[in-house]
Amino acid sequence: MLGLGSWCLANAGVSLATPAQGRTATPAAMPRLTRAHGVINLSRVETDRPQVALTFDDGPHPQHTPRLLDILAEHRVRATFYVIGSLVHRYPAIVQRIVAEGHELGNHTWAHPTLSRHGDHRILSEIDRTQEIIWQTTGHLPVTFRPPYGAITPRQSRMLHASRNLPTVVWSVDPQDWRRPGPAVVAQRMLQGAGPGAIILAHDIHAATVAAVPEALNGLYRRGLDCVTLSELIGWGRWGPEAPYRHRIAGAGSRRTG
Ligand SMILES: [Zn+2]
């Protein structure tokens, strides 16, 4: 963790510089996110609402992601997927299914580099290429970004916010599922520290993580915690096919945003 903190999100909102029209296989030119919100980075959301965000990184995976989507559908739960751009290019149908089923997409770079070792040019090219493939594939744009390994400097995070209006989102709960401790341990760790505003990290590229999800969801239910997407946790409203950019619009005037 590199000094990323929580932020007051009371006035957070996202809007677009141009109307979002792309809901077809050939979407319009990619819109730009505007600078209408003040969220630069966060690891959890300050809230009293009994909500957490389940986030899944490093996919899509050809087998594990569809299985996870089945489980989330059975439990009527929405999650946020921080996808890798090169894998979106490889598995477009899975990414389209993620969106069609009401989940949120976040930007997790094109090739998963350790960004803190790279310059701004590389960072922006990783981000832009991934935004573009997600836009072309789904007609929707991620509104948050997660750095691989959580490795980004505060300066880089501010640069990204200033130039692309993308908040850096890390996590407050890390089950270390990539160490493959087994589903029971992963589920137990996902529950540890899960309280209002928690952002729970997991990876949908491991079978054991997907196997842990039902038990984790049941545990969250028992604690009275609802699972929402990252945008919902922040208070921006739904990210999805029905209202892809229906976040609080600041200074958008009479402009329609799809
Ligand atoms: Zn990752």
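Student: What is the accessible surface of the protein chain, and how much of it belongs to carbon and sulfur atoms?

Tutor: That surface comes to about 10,700 Å², with 50% belonging to carbon and sulfur atoms; such areas come from the Shrake-Rupley method with a 1.4 Å probe, and for residues only the protein chains shown count as cover. Do keep in mind that this is a predicted model, where local features need pLDDT of at least 70, side-chain atom pairs count only at pLDDT 80 or more, and totals for chains, interfaces and linings use all residues. Residues are numbered from 1 along each chain as its sequence is written, and side-chain values use heavy atoms, leaving out hydrogens and water.

Student: What makes Asp58, His108 and His112 donors of the zinc ion?

Tutor: Donors are N, O and S atoms within 2.8 Å of the metal (3.2 Å for Na, K and Ca); water is not among the atoms, so sites may look incomplete. Asp58 (OD), His108 (NE2) and His112 (NE2) lie 2.0 to 2.1 Å from the zinc ion, so they qualify.

Student: Why is aspartate 58 called buried?

Tutor: Buried means under 20% relative accessible area, exposed over 50%, and partly exposed in between (1.4 Å probe, protein chains only). Aspartate 58 has 14%, so it counts as buried. Histidine 108 is buried too, at 1% relative accessibility.

Student: How do you know that the charged end of arginine 129 sits over the ring of tryptophan 110?

Tutor: The rule asks for NZ of Lys or CZ of Arg within 6 Å of the ring centre and within 35 degrees of the ring normal. For arginine 129, the distance to the ring centre of tryptophan 110 is 4.0 Å.
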